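Subject: The structure, and what turned up in it

Hello,

Here is the structure I promised to pass along.

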Amino acid sequence: MAFVENQQARIYWDEQGQGEPILLIMGLAYPSQMWYRTRPLLASKYRTVALDNRGIGQSDVPQGPYPIALMASDAAAVLDAAGIESAHVFGVSMGGMIAQEFALQYPARVRSLILGCTAAGGPTAVRAEPEAAQMLMSRAKMSPEQAAEAAVPFIYDRATPRERIDQDLAIRRPWFPSPEGYTAQLQGIFAWEAYSRLSQIAVPALVVHGESDRLVPAGNAKLIAKRIPGAKLVMIPRASHLFFTDQPDVAHRAIMEFLAVHSDVGETEKAAC
């Protein structure tokens, strides 16, 4: 494990696996440990580098708000600390917003882009139902357990076994956010927009989204995929916001197939056939 200083905050990061690097960026108020379902598979073929965004996990909680561009600069600082010039970049939810901004601000550092359960902000974004928006705004006033439970109907598919949801909560529980960190990240989300700039992204891109997502409606994925030239769109049935918990096998297949096409791993496998 390691830390890097960037713009008045100490940012936690770590790495697992060997091979081409993949930068993993988690969502609103979620620690990097929440990659636990996906990271072992990625690390079997790639060098995974994950960070705790400022405001969560083992990273500092400086005074907010945290603009998305600032959190993208944290991610760039992590790559610098790891000695990595460029990486595949995989972000989910707010992390997908950070990944979009990263690709726009640091285009030479992105080999490919995977955007999960995210939106591009701005007036064209497909808004969540009022009940979901109210849940987001009121969570900072709840206890950590209450806040986590309040989000469940909006981020998991109805058919997902409660056992899997409880597994996620067990991973998150030691790292539930402070009200200050949560609010500072949320303020960054609300102030950000990339839709008008997405056509500038020139790397291979995969957009993955659960069809039953109530927090970030699936229409946002379609908007993003249309704006990024050549982007591939994968919509996952019976999956909500946390598609890697709802439908891990389907999600992992799409991600690994995309990476195989756009990395040296795929070339090596082709040569071996």
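Helices α2 and α3 are roughly perpendicular to each other, because their axes cross at roughly 75° and angles of 65 to 115 degrees count as roughly perpendicular. Please bear in mind that this is a predicted model. Helix α2 covers residues 68-82, and its axis comes within 8 Å of that of α3. On the α2 side, the contact is made by I68, A69, M71, A72, A75, A76 and L79. On the α3 side, M94, M97, I98, E101 and F102 take part. Sorted by class, this contact has eleven nonpolar residues, one charged residue and no polar ones.

Helix α5 (residues 144-155) and helix α6 (residues 162-172) have axes that come within 12 Å and cross at roughly 140°. That angle makes α5 oblique to α6, because an angle has to be over 145 degrees to count as roughly antiparallel. The crossing of α5 with α6 is right-handed. From α5, the residues in contact are A148, E149 and V152, while α6 brings R162, I165, L169 and R172. Here the classes come to four nonpolar, three charged and no polar residues.

How much space lies in the largest pocket? The volume there is about 660 Å³. Its lining is made up of 35 residues, and those nearest the centre of the pocket are L136, I189, F190, L215 and V216. Helices α3 (94-105), α4 (130-138), α5 and α7 (179-190) are the elements that give two or more residues to this lining. Of these, α4 gives the most, with four residues. By class, the lining of the largest pocket has 25 nonpolar, six polar and four charged residues.

Then there are the cavities. The count comes to one cavity of 30 Å³ or more, and the largest cavity has a volume of about 30 Å³. Which residues line the largest cavity? They are A119, A120, G121, T124, A125, Y195, N220, L223 and I224.

Best wishes

Notes
Residues are numbered from 1 along each chain as its sequence is written. This is a predicted model: local features need pLDDT of at least 70, side-chain atom pairs count only at pLDDT 80 or more; totals for chains, interfaces and linings use all residues. Side-chain values use heavy atoms; hydrogens and water are left out. Axes are lines fitted to C-alpha atoms, for helices over the stretch in contact, and angles run from 0 to 180 degrees between N-to-C directions. Angles under 35 degrees count as roughly parallel, over 145 as roughly antiparallel, 65 to 115 as roughly perpendicular and the rest as oblique. A crossing is left-handed if the near helix is turned anticlockwise from the far one by less than a right angle, and right-handed if clockwise. Contact means heavy atoms within 4.5 Å. Ala, Val, Leu, Ile, Met, Phe, Trp, Tyr, Cys and Pro count as nonpolar, Asp, Glu, Lys and Arg as charged, and the others, Gly among them, as polar. On a 1 Å grid over the protein atoms alone, a cavity is a set of points where a 1.4 Å probe fits but cannot get out, and a pocket is an open set with protein on both sides within 12 Å along at least five of seven lines; lining residues have an atom within 4 Å of a point. Grid points are joined across faces, edges and corners, and a volume is the space filled by probe spheres set on the points.
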